[in-house]
Amino acid sequence: MMRILSFILAMGMATAAQAEPKANQLFGAQTAASRQAPMPIGSYNRGCAAGLVQMPESGPTWQVMRLSRNRAWGHPEMIEFLQALSVAARQIGWAGLYIGDISQPRGGPMTSGHASHQIGLDADVWMLPPRRLDLTVADRERISSIPVRSADQRSVTANWSRAHHTLLRSAASDDRVDRIFVAAAVKLEMCRTATRADRAWLQKIRPVPGHDTHFHIRLKCPRGAVACQTQTPTVADLSKGGDGCDETLTWWVTDYLDPPKTPPQRPSGPRPKGARDFTLSDLPAQCREVLASR
Ligand SMILES: [Zn+2]
């Protein structure tokens, strides 16, 4: 018995030794962008990015948080977009924006957190309205954002404000934005309070679990970005051309939270590969060049 066990163990170790390194380790180890023209390569959940630029740590209307992660790298269009949005934040009475994760210096799967954020076109923005923009590096590691969604996931908290609504509307109305992820309770509240005349932008606000202390902006593939894969289904498909304030949204605060008593059959077969399982062979071929670039 012991002999069989040690044989199995040895076999396991031999396989591990030959295994291809994980893409998230390779991309997670990068400290600077590739010296290439900007190009998002692949999809938000499976790709990498050439020629990213770094969001400056601080600006007149923003601060990047958690600097130790070195994830404030984005496609130039994303950096431009965030800076403009932080100016819009001044108009709603905030000092600016606290910026969370964008991408690693060369994009790619991350060593922790997020399945997406791989091609420089996703960014997290904190729900915490900045009162000051002179936080030290240490402050930016220590301070946390605030939940705008209740612990039972059904409603917004007192932290949610009209200013949040205005900021998200302004972001979603930008043509460069593909979609924005928020907690379902946040979208429900926005559906309830949006004016009847101007609701087209609401289509881009999408309910995704976990987005209670930040919102997640996803930009469309920039014009001419031939290696960038547009996401399907589109938000227009998902909301059947409407504003998404429908039963698919209510589902998140009903059946999703109180599932029917008979659990659905788990699909058999191996678990599909997640972002942290990817090796270079799982990513578009150009990602090898992105890694190899100076
Ligand atoms: Zn995100």
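Two strands pair if DSSP finds at least two bridges between them, and helices (H or I, at least four residues) and strands (E, at least two) are DSSP runs, numbered from the N terminus. The model on screen is predicted, so local features need pLDDT of at least 70 and side-chain atom pairs count only at pLDDT 80 or more, while totals for chains, interfaces and linings use all residues. Residues are numbered from 1 along each chain as its sequence is written, and side-chain values use heavy atoms, with hydrogens and water left out.

Then show strand β9, residues 177–182, which pairs with β11 in the antiparallel sense over 4 bridges, with Ile180 opposite Ile217.

Now turn to the cysteines: the whole structure holds 3 disulfides, each a pair of cysteine sulfur atoms within 2.5 Å. Select Cys48 and Cys287, whose sulfur atoms are 2.1 Å apart; this pair links strand β2 to helix α9, across 239 residues.

Move on to Cys191 and Cys245, with sulfur atoms 2.0 Å apart. Cys191 lies in helix α6 and Cys245 in the loop between α7 and α8, so the pair ties together parts that are 54 residues apart in sequence.

Finish at the disulfide of Cys221 and Cys228, where both cysteines are buried.

Methods:
Buried means under 20% relative accessible area, exposed over 50%, partly exposed in between (1.4 Å probe, protein chains only).
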